[in-house]
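Good morning, and thank you for coming. Please look at the model first.

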Amino acid sequence: MALASALVMGASACSGGSGGGSGSDSKCGLKIAFFGALTGDAANLGINIKNGAKLAIEEYNEKHSDCKVDLVEKDSQGDEKQAAGLAREVVKDKKIIGVVGPAFSGETEAATPIFEEAKLPIISPSATRTSLGSKGWKVFHRGLGNDDSQGPAAAAYIKNTLKAQKVFVIDDQSAYGAGLADNVKTALGAQKVGDDKVERNVTKDFNPVITKIKSTGAEAVFYGGYYQEAGLLVKQMRAAGVTATLVAADGVKDPAYIETAGKAAAEGTVLTCPCAPASEAKGNFAENYKKKWGQEAGTYSDIAYDAAGIFLKGIDGGNTTTAKMQEFVTGVTFEGIANTYKFTDKGELDSQYLKIWAYKVAGGEIKADQEIKTQ
């Protein structure tokens, strides 16, 4: 299994003991939590992450059948209003020694103060809002680049590859979408000819925005938000005769976007992501994931696999309390299947390991286009 090369395997047998994140030295009975949407309009992104983490843990348990690690699944529904309550549930379980997630930026902002107070380390495979790294949280880590890297990369693709001189920018007012759109607007400079806001989970009629797009003559439209609204937006753009290329980011990089938009309307959409194609992951990850879940690895499945792998390596090395695990994660250099992970003192992925890719919708599928170089 791919995980075998990523983990330093130790003795799996353990003496009796209760386990637990707060004080036991036992490797047995410990837990890793997944925190993200498993239901709701953005559930696919959370399921991708959960399935990646779960695969890593199941492979680990095959090697440690007498001393297993459990996965606790916490469904946030992508709703930051529920995040604090779920975080309190997580920290009450003293056997949980690390969290893969939270998945989205808004819920990360709401939940992390509770994880910080409990000194429970977290690794988000997907939350990209830049400000998350400036809160002074010691337990916060993320396994990908933030919007300070993705926003300028999206703008660079629009300028250098699409050659668009007029760009209209829209965001859904979420912590993720607004932050990303602001970064894109700054990087575009004078090439931004207009902007507007919609409301996630509320806006269904995009015609008022489309009228503004038409008035500017925009050749490209950047959308900061998630796949459900992005699908409705491009569907209505095409129905109104707007041919501008839609550019969006990782929150839209899911087959459900194409299902909502329709193949014809989605064709040619450009999607950026601070992630390399999962097909390029080391070892047999892509094959094992498809065999396990009956579908191709989705956005951030591979990074979630690695995030779980970091915690599992920590457990295997005897870091069986939250304090020890926090110290381990903060200082780790981990060779994963998707990337190498080393964190700064703000919990950011070390700049030498940042990756930003562009993907294109072609023939009803999301396909890798190119790695975006901004320098």
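In which hand, left or right, does α12 pass α13? The crossing of α12 past α13 is right-handed; by convention, a crossing is left-handed if the near helix is turned anticlockwise from the far one by less than a right angle, and right-handed if clockwise. Helices here are DSSP runs of H or I with at least four residues, strands are runs of E with at least two, and both are numbered from the N terminus.

Before I continue, a word on the source. This is a predicted model, in which local features need pLDDT of at least 70 and side-chain atom pairs count only at pLDDT 80 or more, while totals for chains, interfaces and linings use all residues. Residues are numbered from 1 along each chain as its sequence is written, and side-chain values use heavy atoms, with hydrogens and water left out.

Let me begin with the helices. Two packed helices are described by the angle between their axes and the distance between the axes. An axis is a line fitted to C-alpha atoms, for helices over the stretch in contact, and angles run from 0 to 180 degrees between N-to-C directions.

Helix α12 covers residues 301-316 and helix α13 covers residues 322-331; their axes come within 10 Å and cross at roughly 125°. The two helices are therefore oblique to each other (under 35 degrees counts as roughly parallel, over 145 as roughly antiparallel, 65 to 115 as roughly perpendicular and the rest as oblique). From α12, the residues I310, F311, K313, G314 and I315 make the contact, and from α13, M325, F328 and V329; contact means heavy atoms within 4.5 Å. By class, 6 of these residues are nonpolar, 1 is polar and 1 is charged. Here Ala, Val, Leu, Ile, Met, Phe, Trp, Tyr, Cys and Pro count as nonpolar, Asp, Glu, Lys and Arg as charged, and the others, Gly among them, as polar.

Helix α12 also packs on α2, with axes that come within 7 Å and cross at roughly 35°. This crossing of α2 and α12 is right-handed. On the α2 side the contact includes N48, I49 and G52, and on the α12 side it includes S301, A304 and Y305. The contact of α2 with α12 holds 11 nonpolar, 3 polar and 2 charged residues.

Helix α2 has a further partner in α11 (residues 285-293), at an angle of about 100° and with the axes 11 Å apart. That angle makes α2 roughly perpendicular to α11. Among the residues that meet are N48 and K54 of α2, and F285 and W293 of α11. The classes in the contact of α2 with α11 are 4 nonpolar, 4 polar and 4 charged.

On a 1 Å grid over the protein atoms alone, a cavity is a set of points where a 1.4 Å probe fits but cannot get out, and a pocket is an open set with protein on both sides within 12 Å along at least five of seven lines; lining residues have an atom within 4 Å of a point. Grid points are joined across faces, edges and corners, and a volume is the space filled by probe spheres set on the points.

The largest pocket holds about 700 Å³ of space. Its lining has 26 residues, and P255, E296, A297, G298 and I366 are the closest to its centre. Which element gives the most to this lining? That element is β14, with 4 residues. The lining of the largest pocket has 13 nonpolar, 7 polar and 6 charged residues.

The second largest pocket has a volume of about 340 Å³. Among its 20 lining residues, G78, D79, E80, R200 and N201 lie nearest its centre.

There is 1 cavity of 30 Å³ or more. The largest cavity contains about 90 Å³ of space, and 13 residues line it.

Finally, the backbone. Most residues other than glycine have a negative phi, and most peptide bonds are trans. The peptide bond from G101 to P102 is cis, with omega near -10°. N201 has a positive phi of about 70°, although it is not a glycine, and N201 lies in the loop between β7 and α7.
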